[in-house]
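Good morning, everyone, and thank you for making time for this. Please have the sequence and the model open while I talk.

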Amino acid sequence: MNVVSLRCAAEYLQMTEEYGEGNLVTQTESFLNEVFGNWTDTIKALETCEEVLPHAEELHIVSRCINSLAIKASADPTLFNWPVSGCTDSGRGPNNANPAFWNGICTSTSSNSKSKPAHHVGDDWWYEDVSFLSLPLYKRLIRAVEAGGMRAENVAGALVFYAKKYIPQMNRQSSFKNLSSGSTISIPSEADQGGLLEEIVELLPIQKGVIHTRFLLRLLRTAMVLQTSPSCRENLERRVGMQLDQAALEDLLVPNMGYSVETLYDIDCFQRILEHFMAMDQASTAASPCVIVEESQLVEGTHSLTSLTMVANLVDVYLAEVAPDVNLKFPKFQSLAATVPDYARPLSDGIYRAIDIYLKAHPWLTDSEREQICRLMNFQKLSLEASTHAAQNERLPLRVVVQVLFFEQLRLRTSISGWFFVSDNLDSSQNPNSVLSLTKNQQHHHQREASLETGPGVDDMRERVFELEKECQSMREEFQKIVKAKRSWNIFCRRKSHVSNPKSPKNSNVKMH
């Protein structure tokens with residue numbers, strides 16, 4: 001596209017209308033106006049501007065190219081009349097249709113019928129065309145399409161495409177497969193990739209959910225590898241924290257990149273992401289308090305609580321994944337687990353599993369630390385399977401096991417009493433007239449018959465309650481024996497110390513006898 005260079009040369013030589021009618025300045029300006037109406041020609045003209053950038057900027061050719069591209073990229077091509085491809089090319093088969101173009105934009109794909117072009121064009125049709133621009137021009141184009149009212153999802157999609165193309169560190173195979181085989185673009189250095197990543201992060205839309213959480217975590221991991229600025233990594237951590245409820249476990253397992261590597265995964269990074277989410281959740285809850293209506297139902301804030309529950313489950317599985325690491329310190333595990341409030345966990349099975357794995361991998365914890373870590377879970381929220389496992393878990397402190405047995409026994413008793421209450425109501429509803437005529441002895445007799453007709457399910461529950469009572473009683477007796485033995489040993493040690501003390505008057509009397 002030599003018209004840009006020719007226009008700059010004509011301006012430099014002052015080839016205006018003052019020196020002759022129809023001079024070069026007028027002719028090149030007229031031709032440039034035709035170029036701006038075509039998408040492909042405008043991109044070529046913008047690329048040519050880099051060769052004479054100062055002069056092109058002075059003549060506003062760069063800004064006119066960018067505005068033209070931004071208008072076309074922001075427009076809806078389906079609102080225009082699409083040309084129909086009806087002629088064939090000699091080099092193609094008779095059934096292949098020529099591509100249709102609108103202002104230099106390809107609007108049809110290959111089709112088996114030459115009379116039926118494809119009119120559908122996706123929102124990403126312009127991503128690859130503008131990806132060949134240099135970063136300064138690309139940034140100006142992105143800001144122009146944002147100012148033109150383009151949806152944030154489309155802007156984010158263009159930036160994702162550009163990042164994947166020019167930051168090979170993000171991909172497992174560092175290559176440029178998406179470039180043409182004849183391209184002479186070389187792989188940039190890690191410093192250049194880091195600078196490009198920082199620029200892209202600054203251009204990303206701030207709206208929540210416009211960028212997939214998986215891609216944000218890939219950007220964060222790449223930023224750590226390329227050692228970008230702390231502000232860039234903090235920006236990415238804050239963005240991930242805004243939509244942490246949409247993240248997956250495998251994406252959050254970021255390897256530790258520090259020099260003094262203690263743990264396998266960067267747990268501090270996850271801690272900061274989680275704190276960003278909790279701060280955002282608390283702010284949203286304070287801004288829109290829940291409205292209580294009849295039957296204590298919450299009208300607002302349900303989505304926030306659902307997101308918090310999803311994050312709580314994510315934290316539990318993350319803790320279970322990092323718990324086997326012997327270098328994971330007790331305060332860090334406790335702090336991470338305590339970040340999520342108890343009401344966010346409908347069940348405590350997840351946190352119990354993480355605690356059990358951590359206790360197994362860290363057998364040197366003291367009894368006090370074991371009791372502290374067990375306070376992180378709510379025993380009343382354990383399922384029947386988890387309670388059964390915890391009652392037989394030798395790694396748990398004895399006090400915790402007794403509490404688990406107590407709550408399980410209480411839950412079973414409540415279930416049995418509730419079942420009897422429902423059974424009595426059903427019996428009364430089926431025979432409303434006979435209830436009035438029954439005496440107290442007859443009512444007692446019918447209740448016994450109803451209890452006998454309950455089937456093996458209630459018998460199993462009663463047997464389970466009886467077993468739990470026996471286990472709880474045996475645990476209490478064992479606990480009392482340990483306490484008594486400890487007291488006896490202390491008394492024995494005191495007596496021995498008194499006997500061995502020669503200054504004691506009692507000992508001196510014994511020696512005299």
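I will go through a few places in this structure one after another, keeping in mind that the model is a predicted one.

Let me begin with Arg7, which lies in helix H1, the helix that covers residues 3-12. Is Arg7 buried or exposed? Its relative accessibility is 6%, and because buried means under 20%, Arg7 counts as buried. If we set aside residues up to four places away in sequence, Arg7 touches Val25, Thr28, Glu29, Leu32, Leu59 and Ile61.

Ile61 takes us to the largest nonpolar core, which has 113 residues. Among the members that touch the most other members are Ile61, Trp126, Phe333 and Ile373. Ile373, leaving aside its neighbours within four places in sequence, is in contact with Phe330, Phe333, Ile355, Tyr358 and Leu359. As background, in soluble globular proteins nonpolar side chains tend to be buried together.

Next comes helix H3, residues 39-49, where the buried residues include Trp39, Ile43, Leu46 and Cys49. The N-terminal end of H3 is capped by Asn38, with a side-chain oxygen 3.1 Å from the backbone nitrogen of Thr40.

Finally, how do H8 and H9 run relative to each other? The axes of H8, residues 152-166, and H9, residues 190-203, come within 11 Å and cross at roughly 175°, and therefore the two helices are roughly antiparallel. On the H8 side the contact is made by Leu159, Tyr162, Ala163 and Tyr166, and on the H9 side by Gln193, Leu196, Ile200 and Leu203. Sorted by class, this contact between H8 and H9 has seven nonpolar residues, one polar residue and no charged residues.

Key. Residues numbered from 1 in each chain as written. Predicted model: local features only at pLDDT ≥ 70, side-chain atom pairs only at ≥ 80, totals over all residues. Heavy atoms only, no water. Helix = DSSP H or I, 4+ residues; strand = E, 2+ residues; numbered from the N terminus. Buried < 20%, exposed > 50% of the residue type's maximum accessible area, 1.4 Å probe, protein only. Contact = heavy atoms within 4.5 Å. Axes fitted to C-alpha atoms, helices over the stretch in contact; angles between N-to-C directions. Parallel < 35°, antiparallel > 145°, perpendicular 65-115°, else oblique. Nonpolar A, V, L, I, M, F, W, Y, C, P; charged D, E, K, R; others polar. Core = buried A, V, L, I, M, F, W, Y, C linked by side-chain atoms within 4.5 Å. Polar contact = N/O pair within 3.5 Å; in protein donor to acceptor, adjacent residues only side chain to side chain.
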